[in-house]
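This report covers selected local features of one model. Sequence and structure come first, and the text follows.

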Amino acid sequence: MAILETQDLKKIYGSGETAVHALDGVSLSVESGEFVAVVGTSGSGKSTLLHMLGGLDRPTSGTVTVDGRALFALKDEALTIFRRRKIGFVFQNYNLVPILNVYENIVLPVQLDGRQPDRGFVQEIVETLGLESKLERLPNNLSGGQQQRVAIARALSSKPAILLADEPTGNLDSRTSQDVLGLLKITSQKFSQTIVMITHNEEIAQLADRVVHIEDGRIVGGDRA
């Protein structure tokens with residue numbers, strides 16, 4: 001069953017002869033529990049696509065459906081709530097809150113939603129990502145790889161329908177990158193977590209279940225929509 005679908009997604013910046021078609025009719029389908037890598041060079045439209053999939057920006061036309069809900073049929077406040085509950089994000093720059101310790105960062109999305117964390121589930125995530133001894137530490141006392149593990153744990157803590165990873169190893173060395181990507185793969189399998197990862201690196205993309213290529217705002221291989 002498809003947990004994520006886009007239909008004829010377009011994003012145009014500007015107008016007339018100077019218009020830039022960042023996305024030019026993207027149709028994509030991702031199955032529940034699938035780990036998909038979207039690969040493209042700088043300027044190919046992959047980051048714009050991620051922002052649309054996550055409801056962070058509205059398209060010029062087309063639809064994005066996550067877990068049966070059409071994202072852009074929702075008003076801004078409802079979209080914010082849906083995004084918080086159903087979409088997890090892992091960014092290149094980690095985006096951890098520096099004054100919160102590791103555990104507090106992990107459970108923050110759940111608490112912002114006014115809910116109590118599922119402590120058993122959080123513990124399972126923490127153990128899977130090897131963070132048991134780091135829970136009291138502040139982010140600036142962690143290595144880049146450890147911070148990205150915390151970011152992955154935070155993204156998983158709300159049990160999202162999909163997890164979106166934007167160049168998650170962009171700031172890491174090659175060995176740490178492999179460790180982090182291996183953990184992403186493990187979490188995808190262990191928690192049946194749907195993951196869409198944006199990357200420019202073909203080698204990194206091969207760890208995914210399926211590789212989708214994007215060029216000039218169009219899918220050119222790997223789609224099933």
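The side chain of T199 reaches the backbone nitrogen of N201 at 3.0 Å, a polar contact (a pair of N or O atoms within 3.5 Å, where within protein one must be able to donate a hydrogen and the other to accept it, and residues adjacent in sequence count only if both atoms are side-chain atoms). The model is predicted: local features need pLDDT of at least 70, side-chain atom pairs count only at pLDDT 80 or more, and totals for chains, interfaces and linings use all residues. Residues are numbered from 1 along each chain as its sequence is written, and side-chain values use heavy atoms, with hydrogens and water left out.

T199 lies in strand 8 (residues 194-199); strands (E, at least two residues) and helices (H or I, at least four) are DSSP runs numbered from the N terminus. Leaving aside residues up to four places away in sequence, T199 touches V38, V39, G40, K46, E167, I204 and A205, where contact means heavy atoms within 4.5 Å.

S157, in helix 5, also has a side-chain contact to backbone: the side chain reaches the backbone oxygen of I106 at 2.8 Å. Beyond residues up to four places away in sequence, S157 touches I106, V107, P109, V110, F121 and I125.

The axes of helix 3 (residues 102-112) and helix 5 (residues 144-157) come within 7 Å and cross at roughly 30°. Axes here are lines fitted to C-alpha atoms, for helices over the stretch in contact, with angles from 0 to 180 degrees between N-to-C directions. The two helices, helix 3 and helix 5, are therefore roughly parallel to each other (angles under 35 degrees). Their crossing is right-handed, that is, the near helix is turned clockwise from the far one by less than a right angle. Helix 3 contributes V102, N105, I106, V107, P109 and V110 to the contact, and helix 5 contributes V150, A153, R154 and S157. These residues of the contact of helix 3 with helix 5 divide into 7 nonpolar, 2 polar and 1 charged; Ala, Val, Leu, Ile, Met, Phe, Trp, Tyr, Cys and Pro count as nonpolar, Asp, Glu, Lys and Arg as charged, and the others, Gly among them, as polar.

D8 has a positive phi of about 50° although it is not a glycine, and lies in strand 1 (residues 2-13). K159, not a glycine either, has a positive phi of about 55° and is found in the loop between helix 5 and strand 7 (162-166).

The table gives relative accessible areas; buried means under 20%, exposed over 50%, and partly exposed in between (1.4 Å probe, protein chains only).

| Residue | Relative accessible area | Class |
|---|---|---|
| T199 | 2% | buried |
| S157 | 6% | buried |
| D8 | 41% | partly exposed |
| K159 | 46% | partly exposed |

Methods
Angles under 35 degrees count as roughly parallel, over 145 as roughly antiparallel, 65 to 115 as roughly perpendicular and the rest as oblique.
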